[in-house]
Amino acid sequence: MQLTVRRLIWILELFFPPELGVQQALYVLGVIISLYPLVRLHLNQMEEAYRQSPRTGWINSVYALLSRAFHDEANDQEAWNMGVNVAEEYTEYICRDLHRLHSLMGLAENTNLSDPNSFLFRPARRILCTTRMNCKFCPPGHRNLVPSLRRRRQGKTEQRVWLLDSNFRWVSADLVVGYCATCNADYYPDCITTKAGGRGQKRQQVLEYDAEYLRVSKQGVWVHRDIARAQENSLDCFRAGWSNWAKWRLFVEHFARRLLKFHGKADLFTCNAHSATKILVDAVRKVIGQDGGVIAKALDHGCLDCTHVKRFADEEVPQPNGNATEIAGSEAGPAGPAEPDAAPLPPTLASSLPRQPRPAPGSPRGYCRLSVMDGKSLTHKKCSLEDCCGPLYNFKNGRFCETHLADYGAKCGIISCGRPLQSQDGAMTCDDPAHIDWFKKFEDRKHGVFSSQAYHRASFPGVQRVIRRQMVEAQHADHDIRGPTLQIQLPNLGDTPGGKVAHTFTAKTTYCLQTVQWACGYPIGWGKCYRSESTPQVLSLINKIWEGCPDLRPSFMAYDKACDLLRHIVTQDGNDLWIASTRFIVDAWHYINHRTSDILCRTRTNPAPTDGSQPDLVITQIDENGVVHQARAFNTETAEQLNSWLNGFESQLRQMTDVEIRVQEKNRGLTDDFWDQVNG
């Protein structure tokens with residue numbers, strides 16, 4: 001029995017209050033349809049001859065669910081307030097004849113109710129169009145009105161496309177494109193394309209950052225934005241490898257918008273209209289930064305965890321017997337005398353830090369902020385040429401960037417050779433037997449230390465001998481060697497030692513990822529060190545982050561190599577703005593181990609001196625026993641905490657060249673009381 005409009009109206013008039021809103025009535029009607037399987041189970045149990053009670057557990061559940069539908073808080077409560085509570089009355093009334101009501105609605109035993117709403121409503125065909133009403137680029141014209149959008153004709157009918165909806169189902173949809181008759185800009189659901197300046201130039205596109213649908217193929221395939229959010233959540237929560245989606249346009253479209261908005265570059269970005277994935281990725285990286293980036297809105301960030309009201313020495317209670325070389329909260333105690341051969345203080349620096357005077361009465365006190373910088377051994381592959389920093393053209397098994405692939409891809413891997421590849425047995429060399437043999441030894445070493453074929457049955461005692469020999473060599477080395485490396489030495493190639501042979505047999509990797517964040521954990525910027533974490537590279541990074549914003553530089557910067565960085569800054573330019581604006585401090589572990597061998601580290605980089613000389617870095621606390629003691633005012637471990645979070649993505653990031661950091665707000669913003677104290 002088919003449900004008709006007349007019968008539906010009759011059911012609504014007979015079983016529902018006339019004052020009930022249409023949306024609420026249809027909602028309850030959908031609940032009634034979904035209860036059909038429970039009613040069938042109730043009727044089946046009632047057929048048993050020995051049953052005495054007409055109420056089964058199934059019908060009790062039906063009563064409860066239907067009553068809950070009438071009291072559902074998700075609906076408009078005002079629609080149910082009609083002077084008396086009729087919910088229980090109508091629940092009883094409907095349940096009494098529920099099986100007959102289902103029969104009137106045409107429900108049969110073979111009805112599929114996996115989606116109860118599909119019984120009442122046929123899914124409407126999706127229409128994909130822009131959400132804008134007027135042109136974004138044209139100024140107001142006649143009667144001060146911005147030109148409205150017209151419909152772009154594409155044949156006799158709208159363009160039919162395929163859409164992957166939010167329920168992961170493929171449905172057919174209609175694409176309707178708008179355009180401005182004044183500037184001829186085309187308005188798509190996910191972007192706006194405009195005419196370029198010169199004749200014959202390609203059209204440019206501006207992204208719509210809040211688009212609900214994203215196009216992933218020129219053949220008319222669209223995807224709901226919720227699918228991209230599901231991918232992002234799986235990446236964040238389950239550490240799912242994003243290489244599964246990196247070749248799919250949806251991943252690029254979604255994260256391009258996320259990165260551009262997060263870096264504050266949304267209004268500056270344009271690229272060729274309907275461009276290929278690689279072109280879009282290159283355009284995004286060019287805007288947000290390829291070898292480093294800065295989050296513009298983070299520069300003036302402030303919260304109670306990274307920003308404190310400025311304090312002065314005469315306001316703090318110094319720790320008894322405090323010392324400029326002692327760290328508050330540390331059990332190490334003050335330092336002993338400096339070593340005779342300790343690195344001296346640069347002549348341009350004073351022997352001690354000046355104490356900041358209290359401002360005049362009525363003058364603003366000011367505030368101080370602390371940032372934290374650290375290097376994370378989070379690397380990715382790069383071109384095998386030592387001086388090239390370009391990313392690999394082929395991250396799977398490539399060796400060169402796009403620039404050097406044509407010049408070196410078909411040449412012998414021994415750089416000094418330069419002859420074309422002619423080896424017949426898979427070696428990446430010319431036909432020189434010495435080069436082929438050296439390549440095979442290199443491959444043997446690369447494929448595993450414990451391979452019996454590669455190392456001619458290297459036994460466990462032999463491995464122990466290698467370790468002992470390297471430990472002895474490390475004791476006499478001029479540079480720091482962090483433990484045994486367990487490497488088998490390569491043979492000489494002619495007169496060149498094996499370790500000095502310049503080759504392109506494998507891609508090289510970057511050295512580390514340098515991150516900068518506030519003491520609360522809010523990221524500020526990042527950069528890559530390609531060959532080492534050298535002080536010139538680090539100085540270049542922080543100069544780039546605060547370029548054009550000298551007034552937003554932090555009051556303090558914690559960095560585990562701050563003494564080396566400060567020495568480099570002072571040596572290069574004694575009038576550098578960093579010397580006056582920021583004090584560089586190190587972590588406690590570094591200071592304890594370095595304060596007797598470096599005078600600059602001893603006198604300038606203590607993270608929390610106990611003598612009261614740096615009140616902004618130390619706070620006074622009273623423990624539960626009433627004992628007054630000093631503690632550090634800032635958390636200088638946020639860089640380590642961020643690096644620990646990044647460890648979960650290390651395997652994925654090795655194949656990528658850009659990093660996005662998710663930020664979680666903690667509702668620790670600066671209050672009115674804070675600014676009252678700052679302004680005196």
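Helices are DSSP runs of H or I with at least four residues, strands are runs of E with at least two, and both are numbered from the N terminus. This is a predicted model, in which local features need pLDDT of at least 70 and side-chain atom pairs count only at pLDDT 80 or more, while totals for chains, interfaces and linings use all residues. Residues are numbered from 1 along each chain as its sequence is written, and side-chain values use heavy atoms, leaving out hydrogens and water.

**Burial and contacts**
- In α2, the buried residues (under 20% relative accessible area, with exposed over 50% and partly exposed in between, for a 1.4 Å probe and protein chains only) include Gln24, Ala25, Val28 and Leu29.
- His42, found in helix α3 (residues 36-46), is buried, with a relative accessible area of 10%.
- Leaving aside neighbours within four places in sequence, His42 is in contact (heavy atoms within 4.5 Å) with Pro54, Thr56, Trp58 and Ile59.

**Cysteines**
- A search of the whole structure finds zero disulfides, a disulfide being a pair of cysteine sulfur atoms within 2.5 Å.
- The sulfur of Cys412 has its closest cysteine sulfur in Cys430, 3.9 Å away, which is too far for a bond.
- Cys412 is buried, with a relative accessible area of 5%, whereas Cys549 is partly exposed at 24%.
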